[in-house]
Amino acid sequence: GLSAPRPGRPDSASAAAVGLCCLRVAASVAAGVILGIVSGTLIPLQSRAKLCGRQLLAGTPVDSALLVGAVGLLSMGASTPGFRQTFTFGGFELQPLFQPELLVLAAGVALVAALGARPLRELGAGAAGVAVLAQLLLFWLLG
């Protein structure tokens, strides 16, 4: 469930349970929007990224598609066991703070809003290239 009463406490504190659920939804949406806006702002600047004087990414649509996939994996991983924290409030335990599906959805919507129309069209072409590569790898691994 979303929250569970701690042992020994009456379960009549439904207002606290609802408040904790609202906190979880608000935290997931806020973190997803922040991640999406930051990612949508940085993805078009990827060709400027340098490490020790060397360019990291070429700025191609495939690079953009891979970065969007990385943002999705990062936001989904925000509630993996390494990030899971138990928050206790008013006799209730809330686990974890972020709901992964809602975090991914909010990050995706904010990323699309921050990118604009032209980069999205290029991103579609890059995603198609990544999908073909993923299918080839899958069939190779299946033997």
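1. Ala49 sits in the loop between α1 and β2 (50–51), where helices (H or I, at least four residues) and strands (E, at least two) are DSSP runs numbered from the N terminus. With a relative accessible area of 27%, Ala49 is partly exposed; on this scale buried means under 20%, exposed over 50% and partly exposed in between, with a 1.4 Å probe and protein chains only.

2. If neighbours within four places in sequence are set aside, Ala49 is in contact with Arg54, Gln55 and Leu56, contact being heavy atoms within 4.5 Å. Between Ala49 and Gly59, which are 10 residues apart in sequence, the C-alpha to C-alpha distance is 9.4 Å.

3. The model is a predicted one, in which local features need pLDDT of at least 70 and side-chain atom pairs count only at pLDDT 80 or more, while totals for chains, interfaces and linings use all residues. Residues are numbered from 1 along each chain as its sequence is written, and side-chain values use heavy atoms, with hydrogens and water left out.

4. Helix α1 (residues 14–42) packs against helix α3 (residues 100–115) at an angle of about 35 degrees, the axes being 7 Å apart; axes are lines fitted to C-alpha atoms, for helices over the stretch in contact, and angles run from 0 to 180 degrees between N-to-C directions. On the α1 side the contact includes Val25, Val29, Gly32, Gly36 and Gly40, and on the α3 side it includes Leu103, Ala107, Ala110 and Leu111. The residues of this contact divide into 14 nonpolar, six polar and no charged, with Ala, Val, Leu, Ile, Met, Phe, Trp, Tyr, Cys and Pro counted as nonpolar, Asp, Glu, Lys and Arg as charged, and the others, Gly among them, as polar.

5. How many disulfides does the structure hold? There are zero, a disulfide being a pair of cysteine sulfur atoms within 2.5 Å. For Cys22, the closest cysteine sulfur is that of Cys21, and at 6.9 Å it is too far for a bond. Cys52, for its part, is exposed, with a relative accessible area of 78%.

6. The chain has four helices and five strands, and its elements run β-α-β-β-α-β-β-α-α from the N terminus on. Of its 143 residues, 23% count as buried. Among contacts in the chain with a separation of 6 or more, residues 24 or more positions apart account for 71%.
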